[in-house]
Amino acid sequence: MAILEKGRVRWQHESGYGLRNLVENAMCRIKTIYGGKLKFRNIENQKSESRIVLNNINLMTAIGMPDSYPVMS
């Protein structure tokens with residue numbers, strides 16, 4: 001209903017749907033690469049495992065990003 005009233009782009013901006021979509025895509029990527037479960041039972045070990053996984057994802061993302069340089073006109 002809100003989409004019909006406001007239009008899709010405005011609705012996405014106001015509802016924060018775009019951010020949700022980015023988060024869901026990131027979680028899908030993480031689960032695809034590392035599996036959907038944590039391997040450790042202890043909460044402290046799970047925190048460490050999560051940090052390692054996310055650091056690896058950030059590293060892979062950084063490697064795939066192009067280097068940008070300003071162009072003199």
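A: A salt bridge is defined here as a side-chain nitrogen of Lys or Arg within 4 Å of a carboxyl oxygen of Asp or Glu, and by this rule the count comes to four salt bridges. This is a predicted model, in which local features need pLDDT of at least 70 and side-chain atom pairs count only at pLDDT 80 or more, while totals for chains, interfaces and linings use all residues. Residues are numbered from 1 along each chain as its sequence is written, and side-chain values use heavy atoms, with hydrogens and water left out.

Q: What is the order of elements along the sequence of the protein chain?

A: Helices (H or I, at least four residues) and strands (E, at least two) are taken as DSSP runs and numbered from the N terminus. On that basis the protein chain has four helices and zero strands, and its pattern along the sequence is α-α-α-α. The radius of gyration of the protein chain is 18 Å, well over the 11 Å that the globule rule gives for 73 residues, so the chain is more spread out than a compact globule; the radius is taken over C-alpha atoms, and the rule is 2.2 Å times the number of residues to the power 0.38. Along the principal axes, the C-alpha atoms fill a box of roughly 50 × 50 × 20 Å.

Q: How much of the protein chain is made up of buried residues?

A: Buried means under 20% relative accessible area, exposed means over 50%, and partly exposed lies in between (1.4 Å probe, protein chains only). Of the 73 residues in the protein chain, 5% are buried.

Q: Which side chains meet E14 in a salt bridge?

A: E14 meets K6 at 2.7 Å, N to O, and E14 also meets R10 at 2.9 Å, N to O. E14 and R10 are separated by about one helical turn, because they lie four residues apart in helix 2 (residues 8-15). With a relative accessibility of 43%, E14 counts as partly exposed, and K6, at 38%, counts as partly exposed too.

Q: How far from E49 is the nearest side chain of opposite charge?

A: Lys and Arg count as positive and Asp and Glu as negative, while His and the chain ends are not counted. E49, which has its place in helix 4 (residues 43-64), is buried yet has no salt bridge, and the nearest side chain of opposite charge, K39, is 4.7 Å away.

Q: With which residues is E49 in contact, leaving aside its neighbours within four places in sequence?

A: Contact means heavy atoms within 4.5 Å. With neighbours within four places in sequence left aside, E49 is in contact with K37, L38, K39 and F40, and K39, under that condition, is in contact with Y34 and E49. K39 is found in the loop between helix 3 and helix 4 and is exposed, with a relative accessible area of 63%. In sequence K39 and E49 are 10 residues apart, and in space 8.1 Å, C-alpha to C-alpha.
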